[in-house]
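Please read the points alongside the model.

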Amino acid sequence: MTGLLGGPLIAAALLYISLRLGATVPPGDPLPPGWLADSPMALPGSAFTPLQALLHARRYLVSQSTFCATLLLVHVCASWVTEARHRRKLVVPEGEVSSVPRKEGRRTYLYILFTISVTLWILCVRIALKEMRLGIWQSMSYLEVAVSSVFFQFSLYISVRLAHRGFTFGELGLVAFGATIVFMELFNLTIAKLWPTSTPYIKTVRLPTPLLIYQIALIPGSLLTGFLLSPLLYLSRHIAQRPVRRLRYPQEKLKHRRLLALAFYAGAVLIVGGLIGLWTYWCLGGRNPWTYVVFWILEGKNKWTRPALLIYWALLISISVGGWTRQLARGRRFRQWAVRGSMHITPNTSESMYAPGSPRYGASFGQPGFGSSQSHQPHSPKPQVQQNGGGAQATAGGSPSIPPLDLAEPNAVSSPPDEGNGPLGLRMPTLPNLPNLPDFPNGPNLSNVATDWLDAADKHVPTLSVNARRKFFHALAVVMFIPGIAVDPAFTHLAFSAAFALFTFTEYVRYFALYPLGAAVHLFMCEFLDAKDGGTAILSHFYLLTGCANSVWFEGPSRLLQFTGTLVLGVGDALASIVGKRFGRHRWFAANPKTIEGSAAFVASVCFCAWLLRVFGVVEHFSIVRYATVGALAAGLEAFSVQNDNLTLPLYMWAMLVFGDVVE
């Protein structure tokens with residue numbers, strides 16, 4: 001139901017906003033209050049005002065949403081029929097589905113035929129509806145029907161193939177619908193620029209400002225870059241995954257990976273600077289897109305406002321990513337040391353009763369070797385020889401040796417674990433190897449005390465649950481986005497679009513193992529995965545960013561609406577999870593892990609933060625009773641839905657706040 005009803009719900013909310021603006025006397029300004037952005041573009045000789053053009057475009061959006069929902073329903077019905085036909089086949093190879101062809105080429109060929117058939121059928125339906133004068137989909141031209149049908153079905157196929165098992169049905173429908181809307185904005189904006197005299201108005205569901213132009217250049221542009229350079233990406237992943245013994249030129253593996261990565265980076269620069277840059281230059285009316293952004297950054301409330309926001313965001317990101325990278329790397333090293341030092345073997349192979357030595361400076365007090373000149377080295381017992389089958393293997397504790405998992409780049413020279421190498425191959429000096437502190441009394445003891453503190457921190461890091469690690473980024477979203485939305489929402493609009501494009505290129509680097517950062521990014525991202533990240537692509541950070549950004553991208557007239565995504569995900573969802581796991585005692589029903597206490601924490605925290613924003617004058621006055629009612633409905637969706645909360649929850653609450661007329 002989420003995939004079928006989510007799009008029409010958002011479209012109806014946007015149309016309701018436009019109708020309310022048009023009903024005021026005089027008509028309201030479609031540009032949100034306080035936005036420091038250029039006025040919407042208008043076609044020469046057009047009889048439509050920006051508000052009238054926006055109203056007609058959002059009526060078109062409602063038709064587009066029901067159109068995409070119909071296509072999705074057709075695919076579901078076709079899938080049911082196909083599964084029913086192939087269910088009679090009793091002999092099916094293990095791990096395969098009889099209704100899905102085994103060959104990739106045949107699957108693609110059959111899907112293309114099905115897409116063309118559905119497009120022709122939907123065109124016939126559009127013609128029949130016009131003849132019956134029902135008014136359904138009549139705001140869509142035949143060209144728009146054909147283009148949107150093909151692209152929506154193309155989005156479904158690409159999403160399923162690239163993010164295999166990464167979507168639920170509802171998430172797939174919402175993602176494909178959003179991609180289709182952005183693509184149709186690109187299509188209609190280009191049509192209006194090509195034929196301005198024959199086009200009555202610019203049919204974009206948001207105001208045609210430079211913010212929209214840059215968003216189209218950044219988000220669809222980043223996806224277009226990956227599509228055009230997909231052969232290089234495929235080869236990079238293929239070579240990285242393939243064992244060296246199965247390559248034709250195994251000694252050239254690292255060289256080939258470097259060349260492919262260099263070709264991708266060079267191609268991306270050419271596409272962004274050439275094709276996408278020229279389109280942006282054309283849509284901006286001949287203004288250079290690069291210099292325009294630089295000068296626009298200096299046009300905030302003060303010349304330093306937007307540069308200060310950039311510095312603030314850069315510092316938060318650097319500290320967060322750098323701190324987590326360091327702590328996670330030290331945590332992995334500590335787990336290796338804990339396994340290695342959990343048991344000491346004496347010469348007669350009996351277990352020692354001593355406690356494990358410190359992973360940094362060797363034996364502790366009361367252990368053999370304490371106070372010796374080599375006490376700072378990790379304790380390594382004498383290897384024993386154990387007969388195992390037909391061969392002998394040297395082990396450190398009587399167990400067969402297991403080769404370590406190589407997570408570094410191929411052909412890299414591995415070093416012994418005692419040399420302080422991190423999991424990424426970086427040499428990290430241990431504290432005892434640093435010079436003592438001669439200027440302080442008891443300098444060596446101070447060094448040991450500091451080392452013990454670091455050991456205690458390393459012991460604590462692995463105990464953090466994945467949920468706690470993920471909720472850290474929810475809190476980071478609050479600290480980052482609320483100041484930006486409060487100070488300059490228009491600039492935050494552009495920053496969200498740039499962040500989405502950056503996430504897309506980061507996923508290219510991780511998923512396709514682009515040299516030299518592919519392994520490092522993959523290791524970092526894997527520390528924050530949970531059961532919902534079961535697909536090949538990692539989408540949770542996309543959902544978190546999009547959930548916070550949609551409230552700004554919709555360009556609603558209320559400041560309160562613009563904070564909805566950040567409050568719902570950064571505050572409400574995070575506290576609901578923490579309170580529910582720590583203090584939850586009453587589940588909604590036996591099979592549901594969500595608790596009533598967590599849902600109550602969601603409603604209370606979101607309402608309290610919204611009230612604080614009103615107290616400090618950041619948002620308008622609003623009805624706290626209506627806001628709490630909508631929050632309770634959103635909490636019910638969070639408790640009973642199986643979709644990813646980061647994607648669906650902010651959209652639902654934003655639409656309900658619009659229909660509830662919460663702002664006074």
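1. Buried here means under 20% relative accessible area, exposed means over 50%, and partly exposed covers what lies in between. By that cut-off W137, at 7% relative accessibility, counts as buried. The model is a predicted one.

2. The structure contains 24 aromatic pairs. One of them joins F67 and W137 in an edge-to-face arrangement, with 5.3 Å centre to centre and 85° between the planes. This pair links distant parts of the chain: F67 sits in helix α2 (residues 50–86), W137 in the loop between α3 (104–131) and α4, and the two are 70 residues apart. F67 has 0% relative accessibility and therefore counts as buried.

3. A further pair is F503 with F542. Their ring centres are 6.0 Å apart and their planes stand at 85°, so this pair is edge-to-face. F542 is buried, with a relative accessible area of 11%, whereas F503 counts as partly exposed at 26%.

4. Ring pairs also connect F264, Y265, F505, Y508, Y511 and F512 into a cluster. Y511, a member of that cluster, has R237 over its face, at 4.0 Å from the ring centre. In another such contact, R306 lies over the face of W296, at 4.0 Å from the ring centre.

5. Which helices each supply at least two residues of the patch? They are α4 (142–162) and α6 (210–228). L224 is located in α6 and is partly exposed, with a relative accessible area of 33%.

6. How many disulfides does a search of the whole structure find? The search returns zero. A disulfide is a covalent bond between the sulfur atoms of two cysteines. As for individual cysteines, C68 is buried, its relative accessible area being 3%, while C77 counts as partly exposed at 34% relative accessibility.

7. G636 lies in helix α19 (residues 624–640) and is partly exposed, with a relative accessible area of 23%. The C-alpha atoms of G636 and S599 are separated by 7.3 Å, the two residues being 37 residues apart along the chain.

Conventions. Residues are numbered from 1 along each chain as its sequence is written. This is a predicted model: local features need pLDDT of at least 70, side-chain atom pairs count only at pLDDT 80 or more; totals for chains, interfaces and linings use all residues. Side-chain values use heavy atoms; hydrogens and water are left out. Helices (H or I, at least four residues) and strands (E, at least two) are DSSP runs, numbered from the N terminus. Buried means under 20% relative accessible area, exposed over 50%, partly exposed in between (1.4 Å probe, protein chains only). A disulfide is a pair of cysteine sulfur atoms within 2.5 Å. Rings of Phe, Tyr and Trp (its six-membered ring) pair if their centres lie within 6.5 Å; planes under 30 degrees apart count as stacked, over 60 as edge-to-face and the rest as tilted. A charge sits over a ring if NZ of Lys or CZ of Arg is within 6 Å of the ring centre and within 35 degrees of the ring normal.
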